[in-house]
Amino acid sequence: MSYLTVEKKANIFKEFGGSEKNTGSVEAQIALLTERINSISLHLKSNKKDFSTHRGLMKMVGQRKRLLSYLSKTNLTGYRALIEKLGIRK
């Protein structure tokens, strides 16, 4: 499983949050969760019986869903731009 390095996290925060220090922005949190979800999904494809990781993945997906819901209510144009950039919705 490829973990997020400090440089990768800083790059995500810089790209989606505006700066490396802006770790609390909703867009940066959603981007970080998406990166973690993609990483864990790859792990679960080869380890189908890892149920504790599957539970953690479902919790992360729920958290991302709540953040996306909040973002869509507060900033609809930012929400649409973010899901386009991350490729979340089809």
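Tutor: The expected span of a helix is 1.5 Å times one less than its number of residues. Keep in mind that the model here is predicted.

Student: How many residues does α2 have, and what does it reach from its first C-alpha to its last?

Tutor: α2 has 21 residues and reaches 31 Å between its first and last C-alpha, close to the expected 30 Å. α1 can be read likewise: with 12 residues, α1 reaches 15 Å, close to the 16 Å expected.

Student: Which residues of α1 are buried?

Tutor: Buried means under 20% relative accessible area. In α1 the buried residues are Ile 12, Phe 13, Phe 16 and Gly 17. Because they cover an arc of only 95° around the axis, they lie on the same side of α1. On the other side of α1, Glu 7 and Lys 14 are exposed.

Student: Why do residues three or four places apart point the same way?

Tutor: An α-helix has 3.6 residues a turn, so residues at that spacing point the same way.

Student: What covers the buried residues of α1?

Tutor: The cover includes α2 and α4. For α2, the elements covering its buried residues include α1, α3 and α4. The buried residues of α2 include Val 26, Ala 28, Ile 30, Leu 33, Ile 37, Ile 40, His 43 and Leu 44.

Student: Which residues touch the most other members of the largest nonpolar core?

Tutor: A nonpolar core joins buried nonpolar residues through side-chain atoms within 4.5 Å. The largest one here has 21 residues, and Ile 30, Leu 68, Leu 71 and Leu 82 touch the most other members. The elements giving two or more residues to this core are α1 (6-17), α2 (26-46), α3 (51-74) and α4 (76-86). The largest share, nine residues, comes from α2.

Student: What is Ile 30 in contact with, leaving aside its neighbours within four places in sequence?

Tutor: Ile 30 is in contact with Arg 64, Leu 67, Leu 68, Leu 71, Leu 82, Leu 86 and Ile 88, with those sequence neighbours left aside.

Student: Where is Gly 17 found, and is Gly 17 buried or exposed?

Tutor: Gly 17 is found in helix α1. Gly 17 has a relative accessible area of 14%, so this residue is buried. Leaving aside neighbours within four places in sequence, Gly 17 is in contact with Ile 12, Asn 22, Ser 25 and Ala 28. The residue that follows α1 is Gly 18, with a positive phi near 105°.

Student: Where does Ser 25 lie?

Tutor: Ser 25 lies in the loop between α1 and α2. Its relative accessible area is 13%, so Ser 25 is buried. Not counting residues up to four places away in sequence, Ser 25 touches Phe 16 and Gly 17.

Student: Is Thr 53 buried or exposed?

Tutor: Thr 53 counts as buried because its relative accessibility is 19%. Thr 53 is found in helix α3. Leaving aside neighbours within four places in sequence, this threonine is in contact with Ile 40, His 43 and Leu 44. Thr 53 and Lys 85 are 32 residues apart in sequence and 26 Å apart in space, C-alpha to C-alpha.

Student: Where does the charged end of Lys 85 sit?

Tutor: The charged end of Lys 85 sits over the ring of Phe 16, 5.0 Å from the ring's centre.

Student: How many aromatic pairs does the structure hold?

Tutor: The structure holds zero aromatic pairs.

Terms used
Residues numbered from 1 in each chain as written. Predicted model: local features only at pLDDT ≥ 70, side-chain atom pairs only at ≥ 80, totals over all residues. Heavy atoms only, no water. Phe/Tyr/Trp six-rings, centres within 6.5 Å; stacked < 30°, edge-to-face > 60°. Lys NZ or Arg CZ within 6 Å of the ring centre and 35° of its normal. Buried < 20%, exposed > 50% of the residue type's maximum accessible area, 1.4 Å probe, protein only. Helix = DSSP H or I, 4+ residues; strand = E, 2+ residues; numbered from the N terminus. Contact = heavy atoms within 4.5 Å. Arc of directions from axis to C-beta.
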